[in-house]
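Colleague: I'd like to learn how to read a fold. Could you walk me through this one?

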Amino acid sequence: MATTDNTLLIIERAHRGAVETQFADTLFFVRELHRQSGGVHVALRGLAASYAVDTTYEAALRIAGRTLDTLPDPRRLLRQLLDDGATVFVEETDLSALGARARERLLPGVRRVTGAELVSRWSDYARVWFF
């Protein structure tokens with residue numbers, strides 16, 4: 001059964017280097033792909049599963065005596081992506097690896113899937129891309 005959104009984007013690695021990603025943030029790019037293509041599905045695996053877990057932590061970095069607090073916030077971008085109507089999955093095993101309470105703190109709208117369930121859906125998509 002084909003989906004109306006014909007692209008599955010799999011994000012496995014959380015960003016490295018918050019300052020550098022201000023110029024090319026993965027979730028910002030995914031949001032634009034969703035907008036321009038008419039819809040995508042996103043699967044979060046590995047450390048990227050942490051994007052789907054709510055937290056009160058606010059990223060800030062101190063460099064040469066100055067605080068840089070305008071760093072990308074993957075949870076905010078993921079919420080915007082969900083608000084835009086994108087389907088977001090998180091792999092259950094990777095979510096569990098984030099701690100016993102990670103499931104309770106899952107962002108509303110994110111769907112849990114097993115790895116086997118995710119793989120079984122690949123044929124539903126015209127494209128499966130790894131980010």
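This is a predicted model: local features need pLDDT of at least 70, side-chain atom pairs count only at pLDDT 80 or more; totals for chains, interfaces and linings use all residues.

Colleague: In what order do the strands of the open sheet come?

Modeller: Strands of a sheet pair through backbone hydrogen bonds, either parallel or antiparallel. Here five strands follow the order 6-5-2-1-7, with parallel pairing. Helices (H or I, at least four residues) and strands (E, at least two) are DSSP runs, numbered from the N terminus, and two strands pair if DSSP finds at least two bridges between them.

Colleague: Which strands stand at the edges?

Modeller: Strand 6 (110-113) and strand 7 (127-130), each with a single partner strand, so one side of each has no neighbour in the sheet.

Colleague: Which strands does helix 1 touch?

Modeller: Contact means heavy atoms within 4.5 Å. Helix 1 (residues 26-37) packs on the sheet and touches strand 1 (7-11), strand 2 and strand 7.

Colleague: How many residues has the largest nonpolar core?

Modeller: Such a core is a set of buried (under 20% relative accessible area, 1.4 Å probe, protein chains only) Ala, Val, Leu, Ile, Met, Phe, Trp, Tyr and Cys residues joined through side-chain atoms within 4.5 Å. This one has 24 residues, with Val42 and Leu44 among those with the most contacts inside it. Helix 2 gives the most, four residues.

Definitions and conventions:
Residues are numbered from 1 along each chain as its sequence is written. Side-chain values use heavy atoms; hydrogens and water are left out. Axes are lines fitted to C-alpha atoms, for helices over the stretch in contact, and angles run from 0 to 180 degrees between N-to-C directions. Buried means under 20% relative accessible area, exposed over 50%, partly exposed in between (1.4 Å probe, protein chains only).
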